[in-house]
Amino acid sequence: MRARLALILMCAVFAVSASAPKKHLVNSSPAAGAPPQNMPLPEATAGIKKIDHVIWIIQENRSFDSYFGTFPEADGPPSSTCIPVLPGSKQCVKPFHMPKGEPIYDLHHGWNDEHSAWDAGRMDGFVWAEGTPFTMAYLDDRDIPNYWNYARHYTLCDRFFSSEMGESLTNHLYSVAAQSGGLIGGLGSIKGIEETLGERGGFSFASIVNSLSSKHVSWKYYVDTRPMPANRESYGVLPSLWFGEPKTFSLWNPLAGFKAVRENPDRMKDLVDLKEYFHDLHSGTLPEVSWIVPTFEDSEHPPETLGPAARGMWYVTNIINALMESPYWKNSVVFLTWDDYGGFYDHVPPPIVDAFGYGPRVPTLVISPYAKTDFVSHFTYDFTSMLKFIEMRWGLPSMTERDAHADPMLDCFDFNQTPNSTLVIPLPKKLPEPERTMYQFYQPYIPPPAMVRYPQRQIESHPKGAIQ
């Protein structure tokens with residue numbers, strides 16, 4: 001195995017320049033004369049009422065450059081990009097097309113690893129922090145054609161950043177609460193929340209479902225599921241990721257960890273199996289706001305053997321097809337995004353907005369009859385931008401300073417355009433099958449510092465009018 005990885009590294013360093021992505025047009029700020037980014041045009045604000053349903057699909061562990069770094073007009077890596085194998089080394093790795101079946105291991109993507117890769121904004125520590133050249137590998141329309149087709153027909157965001165420089169749980173918390181409660185790592189149980197945060201019974205800070213419920217805005221959190229095996233205990237804290245348990249708190253299902261949800265039967269009933277999504281589309285009961293999270297094999301989470309990217313793409317395509325073939329398409333928006341960078345290279349330094357983030361860019365698509373067509377938005381967003389959109393649409397208060405100041409993504413929409421047609425993509429008869437292999441990580445060439453400076457835990461104060 002070491003010899004194989006060494007060979008791959010040598011090939012990546014010396015033989016991939018021909019396949020490295022070309023430099024694309026970069027425009028990371030609004031056009032001259034446009035209103036400030038957080039000041040949407042009045043007609044856009046009024047037009048938001050044409051959206052009656054928000055469907056937020058969250059996939060796993062891909063950076064923007066790893067999926068769309070070669071997409072025309074998007075901000076991809078310059079042609080000169082070559083990331084050193086070790087600090088100060090002349091040996092470096094250029095971006096290269098991901099070989100079939102790789103990566104066979106997961107890439108580290110925790111707080112320390114991410115800070116090492118970020119390297120104080122130099123974005124040059126990825127290879128030594130991840131311990132593999134595959135951090136520099138990318139996919140394109142040969143591998144994920146449906147995603148590129150959506151980008152060509154609707155809107156792609158090339159300055160969408162993960163909310164925290166951390167892993168899955170913390171960013172999923174931002175997707176429902178505009179904060180992580182001070183967490184910088186994963187927790188696998190309610191007991192873990194109690195021991196780490198001292199919050200008995202679960203997270204005590206507010207989530208947006210408090211506001212949605214108070215305003216009688218319907219919502220559901222759909223969780224993909226698989227039949228649970230008899231030897232559940234052998235999966236440790238991961239059964240909820242492998243098989244999906246809508247009522248159980250997990251890294252990808254944070255709402256089940258909130259005390260205000262856990263202790264309220266009316267809210268717990270809205271944490272449901274993904275099968276209900278398809279039922280709701282057919283029965284006329286789709287909620288106004290919904291989140292959709294996958295099981296591991298549909299998530300695109302490395303290793304490729306366990307979560308094939310193509311399989312995840314078809315899982316998402318099935319979800320979007322179902323919406324497009326329903327009456328709900330005409331007044332809906334799909335926000336399709338990935339929760340964190342997953343250890344994959346991205347060349348754009350994330351803006352530092354506070355002690356927790358932003359983290360590296362992640363792919364994000366806006367799919368709607370009112371999404372701008374074949375458009376790349378260069379405005380700066382993060383997961384709290386979706387929350388801001390929801391708050392603006394239904395007149396909800398902000399929860400933290402993050403969503404209070406987030407951009408609501410109205411640059412992605414033209415509410416006066418002729419509505420876009422659907423793009424229903426036929427599913428193949430046979431989907432890529434995951435392999436049942438050992439889950440392992442690549443080991444960093446240089447271990448990250450024992451302790452990157454951790455922010456002092458602080459739950460952000462609620463702006464005036466926020467619902468506790």
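Buried means under 20% relative accessible area, exposed means over 50%, and partly exposed lies in between. Keep these cut-offs at hand for the exercises. The model is predicted.

## Exercise 1: Cysteines

Find how many disulfides the structure holds, and sort out C82, C92, C157 and C412.

**Step 1.** Set the cut-off. A disulfide needs two cysteine sulfur atoms within 2.5 Å.

**Step 2.** Search the whole structure. The search finds 1 disulfide.

**Step 3.** Name the partners. C82 is joined to C92, with an S to S distance of 2.0 Å. The link of C82 and C92 is right-handed, with 90 degrees about the S-S bond.

**Step 4.** C82 sits in the loop between α3 (64-68) and β2 (83-84). C92 belongs to strand β3 (residues 92-93).

**Step 5.** C82 has 22% relative accessibility, so it counts as partly exposed. C92 has a relative accessible area of 18%, so it is buried.

**Step 6.** Turn to C412. C412 is in no disulfide. Its nearest cysteine sulfur is that of C157, 3.7 Å away. That distance is too far for a bond.

**Step 7.** Check burial again. C157 is buried, with a relative accessible area of 0%. C412 is buried too, and its relative accessible area is 0%.

## Exercise 2: Salt bridges

**Step 1.** Recall the cut-off. A side-chain nitrogen of Lys or Arg must lie within 4 Å of a carboxyl oxygen of Asp or Glu.

**Step 2.** Take D141 and R152. Their closest N and O atoms are 3.2 Å apart, and they form a salt bridge. D141 lies in the loop between β5 (137-138) and α6 (145-153), and R152 lies in helix α6, so the pair ties together parts that are 11 residues apart in sequence. D141 is partly exposed, at 33% relative accessibility. R152 is partly exposed as well, at 34%.

**Step 3.** Take D280 and K220. Their side chains meet in a salt bridge of 2.9 Å, N to O. D280 is in helix α13 (residues 275-283), and K220 is in strand β7 (residues 219-223). They are 60 residues apart, and the pair links distant parts of the chain. D280 is buried, with a relative accessible area of 2%. K220 also counts as buried, at 13% relative accessibility.

**Step 4.** Take D382 and R402. This salt bridge spans 3.5 Å, N to O. D382 is in the loop between β12 (375-377) and α15 (383-394), while R402 is in helix α16 (residues 401-404). They are 20 residues apart. D382 counts as buried, at 1% relative accessibility. R402 is buried, with a relative accessible area of 7%.

**Step 5.** Look for shared partners. Salt bridges that share partners join D65, D346 and R361 into one network.

## Exercise 3: A nonpolar patch

Which residues make the nonpolar surface patch of about 220 Å²? Place Y445 in the chain.

**Step 1.** Name the members. The patch is made by L86, Y445 and I446.

**Step 2.** Locate Y445. Y445 is found in the segment after α16.

**Step 3.** A patch residue needs over 30% relative accessible area. Y445 has 33% relative accessibility, so it counts as partly exposed.

Key: Residues numbered from 1 in each chain as written. Predicted model: local features only at pLDDT ≥ 70, side-chain atom pairs only at ≥ 80, totals over all residues. Heavy atoms only, no water. Helix = DSSP H or I, 4+ residues; strand = E, 2+ residues; numbered from the N terminus. Buried < 20%, exposed > 50% of the residue type's maximum accessible area, 1.4 Å probe, protein only. Patch = residues over 30% accessible without salt bridge, like charges linked within 9 Å, V, L, I, M, F, W, Y side chains within 5 Å. Areas by Shrake-Rupley, 256 points an atom, 1.4 Å probe, with all protein chains shown as cover.
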